[in-house]
Amino acid sequence: MRGIIRFSLNNRFAVLILTIIVTVAGLYAGLNMKQETLPNLEVPYLQITAVYPGAAPEEVAESITGPAEQRLLHLPGVKTVNSSSMENVSAITIEYDYGVDMDKAAAEAREALELLSLPSGAQEPTVSRISLNAFPVVSLSVADPNGSLEELTKLVEREIQPALEGLDGVASVQIAGQYVTEVSLRFDAEALRRRGLTEDAVKGVVQASAFSAPLGLYELGNEQKTIVVDGGVKTIEDLENVPIPIAGPTGLSTVPLKEVATLAVTGRSESISRTNGSESIGIQIVKAQDANTVDVVNAVKDEAASLRDRYPTLEVTTLLDQGEPIEQSVKTMLEKAAFGALFAILIILLFLRNVRSTIISVVSIPLSLLIGVLLLQQLDITLNMMTLGAMTVAIGRVVDDSIVVIENIYRRMSLPNESLKGKALILDATREMFIPILSSTIVTIAVFLPLGAVSGMVGELFLPFALTMVFALLASLLVAITVVPAMGFAMFKNGLKGKAHDEAKVGRLAGAYKRALRWTLDHKTISIVVSFALLFGSFALVPAIGVSFLPEEEQKYAMVSYTPAPGERLADVEAIALQAETLLLKDERVTNFQYSVGGSNPMSPGPSRSALFYIQYPDDTEAFEDVKNALVDALAEQAPGEGEWGQMDFSGGFGGAGLNLHVYGDTMEEIEAAIADIQGLMEDDGRFENIESSLSETYGQYTLVADKEKLSGLGLTPGQLVLALSPSRERPVLTNVEIEGKTYEVVVAADPKTYGSIEDIERTTVASPLGFEVAVGDVVDVVEGDSPDTVTRKDGRLYGSVSADITAKDVAKASSDLEAAIDAKLTLPPTVDVEFGGVAEQINETFAQLGLAMAAAIAIVYLVLVVTFGGGLAPFAILLSLPFAIIGALLALLIAGETISVSAMMGALMLIGIVVTNAIVLVDRVIRKEKEGLSTREALLEAAATRLRPILMTALATIGALLPLAFGLEGAGIISKGLGVTVIGGLASSTALTLVIVPIAYELLMKLRKGGIEESI
């Protein structure tokens, strides 16, 4: 190591050039890194969706979901299979173990479903991976108040969609709410009857006439030619004149299709989409896997601005924008980093009272971070919330090594009896501190190493944070033994001036501490009792502080949905949505809003009757949670319906305070009874609101029980009843025709069977083979009952769920109290099980993993210290400083109004490395002085006075760097106020007690080792 330091001192210009190269390369890497909200998480989930138009939930469960589950349950690597059978759609989610090859898993799932026998009318299941990259990064709404939806659709499909698809980084562009044009063929029943034709016979003739097929290659003479048979039906006119053969008394004749059917060009909206009161088309842009979110979003917004210029009447509104929060996050983190660095500089300047020493110290901040950025880019890690947060947090730590080195150089230069001068002094002063800073850096890195071994979502999420910290800390060590000594020699060639004044103040502070330490060493019992009383007393604060998963982020938009009641019609929902639109247009606080009715949405993979509203508010909207709640209440009052208005939660498991529990059973009846009892307990508790059950909504159901004897006597079967009453769910496509150069489908229009009441169904007649009509009511018994809105299963087992918002600050306690109450107060059947999920499950799993990571970190730290100091007693004294960080951390969380969350746990993990660093600096000096011949007590007092300044400087610099994070109003998810507050409070208390407890522990342990008592001074 002496060689590296000597090289830096002898080749200062080379160090300067290398520093400039690293700075430029780091800046270039940072400016060109991909920017994302979260790390690129590999989520081990597959989503299987099968659409069955018009089917009720139980029908979907029996005919699609159940058979599909049986084929999927035993695939390799499958952890759980969850399914929801809803009206029109079956949705199955397969969870795999982390580390499974998801491409292979998707292929196996598709293969398993290939032989699945589907009911008539059901669509083939689709298998897709659940990925953060599959979600849109930007969503546009396009409207033209002066034009029709049909004209707008043509513009979007012909110009806007291709233009967006051509942008760099765009993977796909999806449009919704467009006008769909088709050719409708409607049969004339009377004309068919007169000519003795049936619909099926005419359909067969039309399809055969419009048939076109290649016959392949034929040898004609000396040449090969391809032969194609073409029915010659290209246009509507061609189709209208297709001859339909009729068998008559005079033989076979024909009539054109137009005499028995009507053809018309019709149009319809696939779903209703309206923005700010006008009909609109929604456009969602999904980025490519390796594309930069910010670049893609900005390119789309530039194209949107270009569209506004080219089409002045066009209203293009940006609704979803994932790029802006990322840019804002980068800006916020950079501001916090800048302020943090400024605080650190001021603290260093305050202690050293020397501008040159301060400049040397703070050089490590930008250099260490830029080296870290350079390494992150090489590993293809993005600039995201985790990496940016790690850099902000690292500011206070990366300066520590440089502070310790420059402070030792500065102190040695200021000593009147210092024998070394110039390069020799700087070389020796740097080398003297190398072991302490190497140990502290390795210890801090060791703290973050276990995060890389944490499995599941926690490990995927925290790995970039850990790597960023490790790279920055290694870089800071390198800077401290190369750049710092080189700059120290360059700036202090002529030694120090005016050092007496500076040393006097430091001497007074050190003298006061030395006297206080001597007293505590002489009164160990009192000091230990007081310290441990504070420690155990701090644990009493935990109930008042509370426990939560992650802080909720507050963004100024609301996602509100209207969920229709079972049986409520699409037309009813459209009318309710228009009433809601009127309310929103009058609300001056709303900047933009868009809603869609029908089609599919992020919460419904298949056809839906729900209305989904996306509402934007100004960024400076205050008390936004109250605003959203008031909005939902106003919508429920002024746009009422049989269904329910509510906010949609897109936290996706990364925050909030929600409870979700599953009740498993063999039958819906026993599940329903258990859920009713649990809901009663929750209502009595008072800490839960918005309590909802998946079984609360049901369809009214009529079961037609066939009388087999009557049916048999009339020559009928239950199957004939089904055929007679089944609604027409399919719209068969006969052929395609061209209109103005574009191809359109020709579909058969059929009047849907409608019934006003169950009596109408009973009066419906079925033709008997015996030659007469039979009323359905004569051969069935009608039984009235209920059918669930959704049928849910997990691993093939039936369950119902209960969800609620937890109003208490201590989310974990509310959840555990409810669990205890269920066990104590409810007597559930042996076939019924209750499983807690939501935030409670997240807290248990994540805290357990982080707890193990912290335990592993402490073990690794102890190992490193044992190797460094060559024994086990001194490292044990150092580790005794760790528990006392809890005092300040808990007190700070209480004062700041923060909960014990993942953010706070990350802060506690960081504290392990930071707190131990200060103790290492102190104990290393003690051991060095003992080797020079001082007694343990004398070495402790000398080291305490000498190392007080660097310990206070590093602690206060770290605290100063984190102050903007602790007092910042902007939310940053995991890297938030909770982390800053935990580190600041813990570091403050541990630093104060480290200066007392570590010397006491060290002296006691040395007495045990020596088997004697040192002489008091």
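Is Val 202 buried or exposed? Val 202 is buried, because its relative accessible area is 0%. The model is predicted. Its mean pLDDT is 80, and 90% of the residues reach 70 or more. The protein has 1017 residues, and buried residues make up 50% of them.

**Overall build**

- The protein has 31 helices and 30 strands.
- The accessible surface comes to about 46,200 Å². Carbon and sulfur atoms account for 56% of that surface.
- Consider contacts between residues at least 6 apart in sequence: 79% of them join residues at least 24 apart.

**Confidence**

**Around Val 202**

- Val 202 sits in helix α7, which covers residues 199–209.
- Neighbours within four places in sequence aside, Val 202 touches Phe 187, Leu 192, Leu 197, Ile 244 and Leu 257.
- Phe 187 is 15 residues from Val 202 along the chain. Their C-alpha atoms are 9.4 Å apart.

**Aromatic pairs**

- The structure holds 6 aromatic pairs.
- One of them joins Tyr 562 and Trp 645. The ring centres are 5.2 Å apart, with 55° between the planes.
- Tyr 562 belongs to strand β16 (residues 557–563) and Trp 645 to strand β19 (residues 644–647), so the pair ties together parts 83 residues apart in sequence.
- Both Tyr 562 and Trp 645 are buried.
- Ring pairs also build a cluster from Tyr 562, Tyr 595, Phe 613 and Trp 645.

**Salt bridges**

- Side chains of opposite charge can pair when their charged atoms come close.
- The whole structure contains 28 salt bridges.
- Arg 274 and Glu 581 form one of them, at 2.7 Å from N to O. Arg 274 is in strand β13 (residues 272–275) and Glu 581 in helix α19 (residues 570–586), so this bridge ties together parts 307 residues apart in sequence. Arg 274 and Glu 581 are both buried.
- Glu 432 and Arg 947 form another salt bridge, with their closest N and O atoms 3.9 Å apart. Glu 432 is in helix α14 (residues 422–453), and Arg 947 is in helix α30 (residues 936–967). The pair links distant parts of the chain, 515 residues apart. Both Glu 432 and Arg 947 are buried.
- Asp 833 forms a salt bridge with Arg 797. The closest N and O atoms are 2.8 Å apart. Asp 833 lies in strand β30 (residues 833–837) and Arg 797 in strand β29 (residues 797–806), 36 residues apart.
- Asp 833 is partly exposed, with a relative accessible area of 35%. Arg 797 is partly exposed as well, at 29%.
- Salt bridges with shared partners join Arg 412, Asp 428, Arg 431, Glu 432, Arg 925, Glu 942 and Arg 947 into one network.

**Surface patch**

- A nonpolar patch on the surface is formed by Phe 13, Leu 16, Ile 17, Leu 18, Ile 20, Ile 21 and Val 24. Together these residues have about 690 Å² of accessible area.
- Val 24 is part of helix α2, residues 12–32. Val 24 counts as exposed because its relative accessibility is 54%, and the cut-off for exposed is over 50%.

**Ala 676**

- Ala 676 is located in helix α21, which runs over residues 668–685.
- Ala 676 counts as partly exposed because its relative accessibility is 44%.
- Val 802 lies 126 residues away from Ala 676 along the chain. The C-alpha atoms of Ala 676 and Val 802 are separated by 9.6 Å.

Note on methods
Residues numbered from 1 in each chain as written. Heavy atoms only, no water. Phe/Tyr/Trp six-rings, centres within 6.5 Å; stacked < 30°, edge-to-face > 60°. Helix = DSSP H or I, 4+ residues; strand = E, 2+ residues; numbered from the N terminus. Buried < 20%, exposed > 50% of the residue type's maximum accessible area, 1.4 Å probe, protein only. Contact = heavy atoms within 4.5 Å. pLDDT = per-residue confidence, 0-100. Patch = residues over 30% accessible without salt bridge, like charges linked within 9 Å, V, L, I, M, F, W, Y side chains within 5 Å. Areas by Shrake-Rupley, 256 points an atom, 1.4 Å probe, with all protein chains shown as cover. Salt bridge = Lys/Arg side-chain N within 4 Å of Asp/Glu carboxyl O.
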